[in-house]
Amino acid sequence: MTAFAPGPLDRDAAFYVAGHRGLVGSAIWRKLESEGFTNLHGQTSGELDLKDRSAVFEYLARIKPRYVVLAAAKVGGIMANNTYPVDFLTENLQIQVNVLDAAREQNVERVLFLGSSCIYPKFASQPIREDSLLTGHLEPTNDAYAIAKIAGIMHVQAVRRQYGLPWISAMPTNLYGPGDNFSPEGSHVLPALIRRYDEAARDEVGSVTNWGTGSPRREFLHVDDMAEACLHLLENYDGPDQVNVGTGSDVTIRELAETVAEAVGYEGKMEWDTSKPDGTPQKLLDVSKLAKAGWTARISLEEGVRNTVDWYRAHQTSLRV
Ligand SMILES: NC(=O)c1ccc[n+]([C@@H]2O[C@H](COP(=O)([O-])OP(=O)(O)OC[C@H]3O[C@@H](n4cnc5c(N)ncnc54)[C@H](OP(=O)(O)O)[C@@H]3O)[C@@H](O)[C@H]2O)c1
């Protein structure tokens with residue numbers, strides 16, 4: 001049994017960031033470095049495949065972390081999730097079970113497990129509260145991924161019950177920022193728009209056509225805000241239920257496209273192909289629990305998109321494919 005006491009984490013204790021090269025993990029790594037953490041540990045999937053249970057146990061036994069953030073996962077857009085559900089289910093379950101079991105064996109004091117807002121029912125009332133988990137059917141296109149993430153939340157809760165360790169889970173909304181995936185196949189909506197409008201601005205294209213009506217509402221959180229929220233939760237929050245992490249406000253896809261177009265300097269026309277599906281009309285997390293824990297987002301969408309465009313342009317030769 002390890003009692004949780006709010007306050008600063010020990011800056012010199014061993015801290016393992018699983019997935020430290022990904023969008024979220026790299027932002028957490030930057031945040032921890034800037035906060036003076038001196039004993040950070042991370043491995044690429046080439047160095048340590050988290051699906052390899054004995055290798056994961058050996059690694060954690062060697063570095064003996066006091067803190068762990070689990071930001072490693074097989075992540076993808078709707079198309080990839082819908083086409084390869086077995087991979088999304090089994091790889092994520094293996095990664096989670098291995099890392100969480102190995103962390104348990106090492107009696108890791110604080111673990112933060114990261115999931116996703118797709119764990120909530122497709123028709124959850126908006127804004128989505130944490131207690132709507134498991135109250136309805138999931139969105140079928142990513143249900144395999146969502147079930148793996150729900151199992152991760154349960155794993156954390158079970159460790160709390162059985163071993164008394166103060167582990168926690170956080171569920172971020174749509175994230176974006178430096179390090180994002182801009183590939184045409186694997187990217188989410190915001191990086192996909194940046195890529196498309198940046199190319200259109202560069203090539204002075206007269207018109208860009210977007211999918212759908214542009215009316216669905218979505219929430220976007222800059223990954224540097226996400227990283228700050230993660231550290232805040234580790235230092236200040238304890239409880240069995242997952243905590244939503246978002247901005248608390250949403251924009252239409254049309255507003256998002258306009259923000260991106262302005263950031264890249266696109267001056268052509270914006271068209272909407274209304275024969276294409278819109279998806280769910282709104283997806284917004286209720287962030288009152290996070291606010292009660294003392295944290296709110298700071299980076300505006302305009303500022304965050306500009307910062308992401310700058311990063312995208314500066315990293316053309318090293319983008320993920
Ligand atoms: N992006 C979003 O909008 C968003 C929204 C909500 C929640 N989240 C959650 O945040 C977490 C991280 O997402 P992300 O966007 O940062 O994903 P990401 O950019 O694709 O990064 C995933 C990381 O996981 C690592 N990884 C994957 N499979 C691995 C394996 N078998 N062994 C070792 N490492 C492995 C990758 O390592 P390598 O780079 O070394 O291959 C990569 O660093 C996920 O749990 C996701 O559900 C993300």
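**View 1. Arg-218 in strand β8.** Arg-218 lies in strand β8, residues 217-218; helices (H or I, at least four residues) and strands (E, at least two) are DSSP runs, numbered from the N terminus. The model is predicted: local features need pLDDT of at least 70 and side-chain atom pairs count only at pLDDT 80 or more, whereas totals for chains, interfaces and linings use all residues. Residues are numbered from 1 along each chain as its sequence is written. Arg-218 counts as buried because 20 C-beta neighbours lie inside 10 Å. A residue is buried if 20 or more other C-beta atoms lie within 10 Å of its own, exposed if 12 or fewer, and partly exposed in between, with C-beta atoms placed from the backbone. Leaving aside neighbours within four places in sequence, Arg-218 is in contact with Asn-174, Asp-250, Val-251, Ile-253 and Lys-283; contact means that the C-beta atoms of two residues, placed from the backbone, lie within 7 Å.

**View 2. The open sheet that includes β8.** Three strands form this sheet in the order β11-β8-β13, with mixed pairing. Its edge strands, β11 (251-252) and β13 (282-283), each pair on one side only. Two strands pair if DSSP finds at least two bridges between them. β8 and β13 run parallel and are joined by two bridges. Arg-217 stands opposite Gln-282 in β13.

**View 3. Positions annotated as binding site.** The unreviewed UniProt entry places the feature "binding site" at Arg-196, Trp-211, Arg-218 and Asp-278. UniProt positions are given in the numbering used here, feature names are shortened, and annotations may be inferred rather than shown by experiment. Arg-196 is found in helix α6, residues 189-202. Arg-196 counts as buried because it has 21 C-beta neighbours inside 10 Å.

**View 4. Tyr-145, annotated as active site.** The annotation "active site" in the unreviewed UniProt entry covers Tyr-145. Tyr-145 has its place in helix α5, residues 143-163. With 29 C-beta neighbours inside 10 Å, Tyr-145 counts as buried. Its contacts, leaving aside neighbours within four places in sequence, are Asn-81, Phe-88, Asn-92 and Cys-118.

**View 5. The shell around the ligand.** The ligand is surrounded by 24 residues, of which the closest are Gly-19, Gly-22, Val-24, Thr-44 and Ser-45. A residue is near a molecule or strand if its C-beta atom, placed from the backbone, lies within 6 Å of it. α1 (23-34) and β6 (174-176) each supply at least two residues of the shell, and α1 gives the most, with three. By class, the shell has eleven nonpolar, nine polar and four charged residues. Ala, Val, Leu, Ile, Met, Phe, Trp, Tyr, Cys and Pro count as nonpolar, Asp, Glu, Lys and Arg as charged, and the others, Gly among them, as polar.

**View 6. Strand β3 between β1 and β4.** Four bridges join strand β1 (residues 15-18) to β3, and the two run parallel; Phe-15 stands opposite Tyr-67 in β3. β3 is also joined by four bridges to strand β4 (residues 110-114), again in parallel, with Leu-70 opposite Phe-113. From β3 (residues 67-70), Tyr-67 and Val-69 point one way and Val-68 and Leu-70 the other way, and all are buried.

**View 7. Leu-70 and Leu-112 in the largest nonpolar core.** This core has 85 residues, and those with the most contacts inside it are Leu-70 and Leu-112. A nonpolar core is a set of buried Ala, Val, Leu, Ile, Met, Phe, Trp, Tyr and Cys residues joined through C-beta atoms within 7 Å. Not counting residues up to four places away in sequence, Leu-112 touches Val-69, Leu-70, Ile-168, Ala-170, Cys-230, Leu-233 and Leu-234.
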